[in-house]
Each structure stands twice: as structure tokens, then as C-alpha cells.
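I opened the model to look up a few local features and their surroundings. My notes follow in the order I took them.

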Amino acid sequence: MSAQSAVEQLLSSNAQWAKVVAQAEPGFFPESAKGQTPHTLWIGCADSRVPESVITGSRPGDIFVHRNIANQFHPDDDSALAVLEYAVNFLGVKHVVIVGHSECGGAAACLAAAQSEGFNPDGPVITIPNLPKEAPLNRWLEPLSKLVSSLGVTTAPPKEALPLVVTENVKLQVENLCKSQVIVNAWTKGTPKGQDVYVHGWVHDLATGCLKDLGITRGPNKYA
């Protein structure tokens with residue numbers, strides 16, 4: 001299939017989907033156009049195999065979404081911070097979920113970098129060796145590569161080490177998220193819409209299609 005025919009297929013499939021939905025629920029699209037009230041903010045990986053609405057069986061309007069390489073939440077990322085603030089303070093989202101997944105390419109690249117000869121987390125970190133250090137992908141992955149180097153998996157077989165990297169990455173991003181001013185304020189001062197906010201960490205298993213709750217949920221009664 002050519003690139004053009006693939007795009008044409010997307011447009012054709014969208015037209016068919018819209019027709020089916022409108023026939024099954026005539027008021028859905030006019031009602032949706034009036035505004036959104038999602039219950040969850042999903043911060044996930046940009047991987048094409050993890051479409052949040054599809055794997056959770058959700059409807060348009062249920063999930064507010066921010067996706068990036070290796071499902072990270074950088075404390076200085078204005079894009080993620082803006083999404084978080086809008087979701088919590090303006091849309092009234094109650095749940096924020098960091099979602100990693102098995103066989104993550106970004107996590108695998110960071111593992112390979114940390115296992116490479118001469119890797120020094122305190123020196124210049126180049127995760128993707130054929131790109132310059134200042135390349136966006138290398139700058140984005142640097143914190144994750146440093147995390148991997150601290151996990152004690154530098155000599156472990158990648159197949160065994162990668163699941164740990166994926167899980168520990170989710171845990172770190174949950175911690176980063178919980179330290180953000182938006183979440184701290186939500187837990188200590190409340191939110192403009194008065195909702196309690198909870199932060200969760202999940203991992204999606206590509207081989208089974210199932211989501212795993214890591215059991216690290218944080219909320220107002222768990223604030224520390």
C-alpha cells in the first residue's frame with residue numbers, strides 16, 4: 001500500500017465510522033461538539049500499538065491525551081505541563097494515568113545505551129549514537145538513559161532487563177508527576193472544580209493486549 005493510499009484509507013474509514021455512529025446515536029456528534037468532560041488524562045507512549053481509546057474500549061470524550069516517546073513526564077516540559085493544567089484545572093479530570101508498554105522502543109534504546117561500553121551517566125549522554133548529542137531525541141531520552149544506568153541491569157540480557165526498565169520508568173514518571181505544582185496544589189489546596197485527583201501507573205502488555213495496574217496510585221489521602 002502506497003503512502004497516499006494509506007492516507008486515503010484513513011479518510012475513507014473515518015467517513016464510514018462517522019456514518020455508523022451517527023446512525024446508531026444521532027445526537028452523539030452535535031452533543032460532543034458542545035464540550036468535553038473527560039474523566040481521565042492519559043500520559044502514554046507515542047507508539048502506534050497503544051491507542052488509548054481502542055485498548056480501553058472508550059468513547060470520544062472519555063480520555064484527554066498526551067503522548068510522547070517512552071511515556072515520560074519531564075518537569076520542564078511545557079507541553080506536558082500545559083496539558084496537565086488544562087486537564088485538572090479546566091476540564092475537571094479526576095484520574096491521571098502514566099502508561100508504559102512492553103517492547104518499548106524508547107526504553108530499549110536507553111537500555112542499549114546504558115549497556116554500551118564507556119557509558120557515563122555523569123558525562124555527555126548520547127542514547128542514539130548516530131545522532132548528535134543535541135538532537136531532540138537524544139535530549140528527550142537522556143533522563144531515561146540515566147535512570148537505566150542506576151538500575152543494575154547493565155550486564156543483564158536485554159530481554160530480561162527491558163520489562164524492569166519499562167516498569168521503573170513508569171514509577172519515575174509517576175513521581176515526577178506527583179511533584180508537579182498542578183498535582184501538589186490539587187492535593188493541598190483543592191482544584192477549581194472541586195474534584196479529587198488520583199495519579200496511577202500502568203503497563204500495557206502488547207503480547208496480551210492487557211493493562212496492568214502497578215499498584216502505585218497516589219491521591220489526596222496518600223500525599224507525602
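Entry 1. I began with glycine 190, which comes just after α8 and takes a positive phi of about 90 degrees. Helices here are DSSP runs of H or I with at least four residues, strands are runs of E with at least two, and both are numbered from the N terminus. I am working on a predicted model, where local features need pLDDT of at least 70, side-chain atom pairs count only at pLDDT 80 or more, and totals for chains, interfaces and linings use all residues. Residues are numbered from 1 along each chain as its sequence is written, and side-chain values use heavy atoms, with hydrogens and water left out.

Entry 2. I then looked at α8 and listed its buried residues: Val182, Ile183, Val184, Ala186 and Trp187. Buried means under 20% relative accessible area, exposed over 50%, and partly exposed in between, with a 1.4 Å probe and protein chains only. Their cover includes α4, α7 and β4, where contact means heavy atoms within 4.5 Å.

Entry 3. I looked up the largest nonpolar core, which has 44 residues. Such a core is a set of buried Ala, Val, Leu, Ile, Met, Phe, Trp, Tyr and Cys residues joined through side-chain atoms within 4.5 Å. Leu41, Leu84, Val96, Val148, Leu177 and Val199 touch the most other members. α7 gives the largest share, 8 residues. Another core, of 5 residues, lies apart from it and includes Trp42 and Val50.

Entry 4. I checked valine 148 with its neighbours within four places in sequence left aside, and found contacts with Cys110, Leu111, Ala114, Val153 and Val165.

Entry 5. Which residues of α5 and α7 make the contact between them? On the α5 side I found Ala107, Ala108, Leu111 and Gln115, and on the α7 side Pro158, Ala161, Leu162, Val165 and Val166.

Entry 6. I turned to salt bridges, defined as a side-chain nitrogen of Lys or Arg within 4 Å of a carboxyl oxygen of Asp or Glu, and the count is 8. Lys133, Glu142 and Lys146 are linked in a network. Lysine 133 meets glutamate 142 at 3.9 Å, N to O, and lysine 146 meets glutamate 142 at 3.2 Å. Lysine 146 and glutamate 142 are 4 residues apart in α6, so about one helical turn separates them. Glutamate 142 is buried at 18%, whereas lysine 133 is partly exposed at 35% and lysine 146 is partly exposed at 33%.
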